[in-house]
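Dear colleague,

Please find below the structure that I am handing over to you.

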Amino acid sequence: MIGEESMEYDLKAMDLEIKAIEEETKRLKELGRGFEAVERNADAILAFTYLLKRNVSDIIE
Amino acid sequence: MTRKEESRKYWNPIIETLPPEKLQEIELKRFRELLRWAKDQSPFYKRKLHGIEPEDIRTMEDVAKVPVTEKDELRAAQEGKEPFLYGELLAVPSESLSTFHQTSGTTGKPVYIPDTYESWQWLVEVWCYLLYAAGFRRSDRVFLPFAYNVYIAFWQGHYAAEKIGCEVVPGGALDTKGRIRKMKEVKATALMNTPTYGLHMIEVSREMGIDPKKDLNVKKMICAGEPMPEPTRLRLEEEWGVDVYDHIGGTESGAWAGMCCEKRGMHVMEPHYLFEMVDLETMSKPIPPGMKGVAVITPLCRRCIPLIRFNLKDVMKVMDEPCPCGRASMRVDQIGGRVDDLRKIRGVFFSPSIVEEVIRGQFPEAVEFETILTQEEVMPVLTLRIEFNPSINEGQIKELRFRIRERLKIRSNLTFEIEIVKPGVLPRYTLKSSRFKDLTKR
């Protein structure tokens, strides 16, 4: 059971976007392997997708 | 007001209003994942969790079968162990670490705690929940009157305030007068400090001819770094004329509970943490709401240095009734001080937090104090050393000495020696205060 607050947010759509960002970022990181400015910034994005998953995706799983 | 507008009182309107059963379901899932990770990646937990199958943990009763982690074990797993500094606790490659903090060392050798960029961001995220619940918003200009050094709380607070969108003014490289001048100059609307330093700033402001209530623009304060009994919080509210919020956290665990606008107990940061209350004697039997117990915590998303069922040694109780703020997470009341500080004196359990409750709650004339436990022949002796406001005269001091002794006796069932010391003699603390000294151990 999920709280009433979730009714006005499309959590499934959000979850899909988060997973897509994660996949794209992993791909970007792979493309920039050895390119510090790309790799490190991709890692930073992945840290935030981890938080988005904890904030959104975990609720609907 | 639409539900979306209403939800702006929450950092995460979904998670913070989930029913307790759903929160627990997420926590148990995360607990299993953490257990698996720790067994696979941390040499310390590989040994400690031998024979425990993460997939078998389905209920809170199953969780209680997992052994509790003590602080001494963390020290032993680090000292002289490889890799350097973090030893057998580390569960990620050293090169992935980005942040260093350490415990204050008040109960022994400090424990070193690292974070990866990911786990650090998670700690900051949890602080966002705390600050948001305490009313911190984008419109705030937050002043931190500290040099944060290697201690975690204010770093987390700094980055979380920044993430929320507040403007953050660090006030580290200034003395107290300089900090007060700076918060006046920039019209800071919010502060983060230890309760002790909050009280000290009042003293210094008055010396400068500044009334924090009238001359400063501060509206709210969140305290960190040391326990804050309710009378101290109320005194800070009264003297500053602001809303004062408390939270609970530590270097090993991160911040795991905080006050909402109702200011009645502290919400556990579920489902980011798994919180348990266990029996003081057995350290395993779960305690029902309303009863005193010892807090045990598991940070569920800090994978670089897993901590499973960490014994916080804090005596607390879980509050039973739902919070009017709408958050469904458990609430705790920090009531009994630390297990480490409990002493049996003349057959009576004594917690030093009692002294703070009495002094801060009933004697606004007191500026600073400390309690000293000594042994004279076979008898333990408790002495309260206390400083009063310089405006208090000899006659008033005589009367105060009598009343303080009497109130302490009523509250603790113990007789105190009262020693009056001159203003400015006792230490002023900016970070963790140390107002209880047990000299019987020497």
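The domain bounds used here come from an automatic or database domain assignment. On that basis, chain B consists of domain 1 (1-338) and domain 2 (342-441). Please bear in mind that this is a predicted model.

Taken over C-alpha atoms, the centres of domain 1 of chain B and domain 2 of chain B are 29 Å apart. The contact between them involves 18 residues from domain 1 of chain B and 17 residues from domain 2 of chain B. On the domain 1 side, α9 (195-207), α11 (230-240) and β14 (331-338) of chain B each contribute at least two residues. The largest share, four residues, is supplied by α9(B). By class, this side of domain 1 of chain B has six nonpolar, nine polar and three charged residues.

Chain B also holds an open sheet of five strands, in the order β4-β3-β5-β6-β7, with parallel pairing. Strands β4 (167-170) and β7 (243-245) of chain B form its edges, since each pairs on one side only. On average, neighbouring strands of this sheet are turned by 20° against each other, direction ignored. In general, the strands of a sheet pair through backbone hydrogen bonds, either parallel or antiparallel. Here, strand β3 (residues 141-144) of chain B runs parallel to β4(B) and is joined to it by four bridges. V142(B) has V168(B) in β4(B) as its bridge partner.

Chain A, finally, has two helices and zero strands. Of the 61 residues in chain A, 11% are buried.

Yours sincerely

Methods. Residues are numbered from 1 along each chain as its sequence is written. Chains are lettered from A and ligands numbered from 1 in the order in which they are written. This is a predicted model: local features need pLDDT of at least 70, side-chain atom pairs count only at pLDDT 80 or more; totals for chains, interfaces and linings use all residues. Two residues are in contact if their C-beta atoms, placed from the backbone, lie within 7 Å. Ala, Val, Leu, Ile, Met, Phe, Trp, Tyr, Cys and Pro count as nonpolar, Asp, Glu, Lys and Arg as charged, and the others, Gly among them, as polar. A residue is buried if 20 or more other C-beta atoms lie within 10 Å of its own, exposed if 12 or fewer, and partly exposed in between; C-beta atoms are placed from the backbone. Two strands pair if DSSP finds at least two bridges between them. Axes are lines fitted to C-alpha atoms, for helices over the stretch in contact, and angles run from 0 to 180 degrees between N-to-C directions.
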